[in-house]
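This briefing walks through a protein model one topic at a time. Please keep the structure in view while reading.

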Amino acid sequence: MAKSRVQFICQNCGSVHQRWAGKCDACGEWNTLVEEGTSGGIGSGPANTRNARKGRAVVLTSLSGDIEDAPRIVSGIGELDRATGGGFVRGSALLVGGDPGIGKSTLLTQAAAALASRGHRIVYVSGEEAVAQIRLRAQRLGVASTPVELAAETNVEDILATIADGKRPDLVILDSIQTLWTDLADSAPGTVTQVRAAAQAMIRYAKSTGAAIVLVGHVTKEGQIAGPRVVEHMVDGVLYFEGEGGHHYRILRTVKNRFGPTDEIGVFEMSDKGLREVANPSELFLGERHAKSPGAAVFAGMEGTRPVLVEIQALVAPSSLGTPRRAVVGWDGARLSMVLAVLEAHCGVRFGQHDVYLNVAGGYRISEPAADLAVAAALVSSLTGLALPADCVYFGEISLSGAVRPVAHAQQRLKEAEKLGFGSAVLPLGSEELVGGNGAGGIGAGAFQPTELADLVARIAGSRRNRAEEQE
């Protein structure tokens, strides 16, 4: 009989220690190490793998051969299907995370109702809410009449026995993974051991039966999904449901997807009737734009295959402090410091005695470097007090030498801008083939393509001089 071995698991980060200590060496948290035995239970794996046996040879094949698309369950909610890559894949496990109250349960309730109305068997298991609470939400959303099967349970073995009764479900929603517990582990629900064991059991069920599993995960204060990172590695896809409390829009962002792209987003608008799809998010982020205000530039960005136009606002004000302030909302603060340094070093624009505030309108967050050119234009506009043209969009990356570098998907950005009524654009020089009427329409004829950032600064300053001459 195998000798029992004891190890200690950190309940915060999941790292394994050979002896107990008051502080975890991996994450630095105190009093998080819990003893676990490895002779049985979840620490040693299934019973049939603990006994040594001779392996069997598997058939090796080549890279070439027939390829079949993964069978999917289409929900009919366009933004959700876009984020998942075309629908839920049968036999896959999906992890959905987001802040408390952001709308995860609302989104999944609407998705469950939409799939159930299409004839699929949907099982919704909640470990945080009673059945009556879920029914109240369904009545508010107007989907109480759909044949969604509900249960309020937290034991994994009971859940598996329940869904195994009758026809195999097409989709099982578990809200949330932190509330589940299994008899294979002795830890409390929500600990690393229980979360890992419950996820293993549910994913094993999904792979063996072909049912799709959706796990809801809590997030930490840093915005990451709580629990061990191994759960994110075990599942086939990870979605983050994002949004600001002061704004009514929500973004479903894909960060991992084994069956589709990882850079797609779905945009929703929260209302008293639930989440509504936003087919054109650019109109949402530009809805309250003041066209004649200095310091505002419209950036033509990309989220996966979807172009999104958003307003970047800058405020440059004289500072009474020895060290001027630099505040950024919705963009990378280090990237702003780089753009300011390039403007001072290569364009002669001085910000050393000014406070700089940068904001992306609507609470939107930008991660791509193509926003450099729009940020620089907004900063120069605010410093000079001159409003930029209202019908112009900006995109392009700025290098440390002051050069404007091309970015990808220029044609899609221009098409989206033209669709929303913009008549001109400022973009890098390397996009001539996309501007000369190749699907870009009339916006390409009025495009300004600077090779250096100084060219854009000179153009903004020149328009100011022209306006002063007209006034004289």
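A nonpolar core is a set of buried Ala, Val, Leu, Ile, Met, Phe, Trp, Tyr and Cys residues joined through side-chain atoms within 4.5 Å. The model shown here is predicted. Its largest nonpolar core has 64 residues, and L343, Y364 and L379 touch the most other members. In soluble globular proteins, nonpolar side chains tend to be buried together.

**The nonpolar cores**

- Leaving aside residues up to four places away in sequence, Y364 touches Y249, I251, I265, F285, E303, V308, V310 and G330.
- A second core is separate and holds 29 residues, including V125, I177, M202 and V238.

- Seven strands form an open sheet with mixed pairing, in the order 17-18-16-15-19-22-23.
- Strand 17 (326-329) and strand 23 (447-448) are the edge strands, and each of them pairs on one side only.
- Helix 10 (residues 372-384) packs on this sheet, where it touches strand 15 (296-303), strand 16, strand 18, strand 19 (392-394) and strand 22 (424-426).
- The direction of helix 10 makes about 35° with that of strand 16.
- Strand 16 (residues 306-318) and strand 18 (residues 354-360) run antiparallel and are joined by 7 bridges.
- Within strand 18, Y357 is the residue that stands opposite L315.

- The side chain of R306 makes a polar contact of 2.9 Å with the side chain of E79.
- Apart from residues up to four places away in sequence, R306 touches E79, R82, I265, G266, V267, V278, A279, P281 and G301.

- Strand 9 (171-175) is largely enclosed by the rest of the structure, because 5 of its 5 residues are buried.
- L171, I173 and D175 point one way from strand 9, while V172 and L174 point the other way.
- Strand 9 pairs in the parallel sense with strand 7 over 5 bridges, and V172 of strand 9 is the bridge partner of V123.
- Strand 9 also pairs in the parallel sense with strand 10 (residues 212-217), over 5 bridges; there, V216 of strand 10 is the bridge partner of D175.

**Helix 5**

- Which residues of helix 5 (residues 156-163) are buried? They are V156, I159 and I163.
- Seen down the axis of helix 5, these buried residues fall within an arc of 60°, so they line one face of the helix.
- The elements that cover the buried residues of helix 5 include strand 7 (122-126), strand 9 and helix 6 (192-209).
- At the start of helix 5, a side-chain oxygen of N155 comes within 3.1 Å of the backbone nitrogen of E157.

**Strand 11 and its partners**

- Strand 11 (residues 237-242) is mostly covered, with 5 of its 6 residues buried.
- Strand 11 pairs in the parallel sense with strand 6 (residues 93-98) over 5 bridges, and F241 of strand 11 is the bridge partner of G98.
- Strand 11 and strand 12 (residues 249-257) run antiparallel and are joined by 6 bridges; here F241 stands opposite L252 of strand 12.

Methods
Residues numbered from 1 in each chain as written. Predicted model: local features only at pLDDT ≥ 70, side-chain atom pairs only at ≥ 80, totals over all residues. Heavy atoms only, no water. Pairing = 2+ DSSP bridges. Helix = DSSP H or I, 4+ residues; strand = E, 2+ residues; numbered from the N terminus. Contact = heavy atoms within 4.5 Å. Axes fitted to C-alpha atoms, helices over the stretch in contact; angles between N-to-C directions. Buried < 20%, exposed > 50% of the residue type's maximum accessible area, 1.4 Å probe, protein only. Arc of directions from axis to C-beta. Polar contact = N/O pair within 3.5 Å; in protein donor to acceptor, adjacent residues only side chain to side chain.
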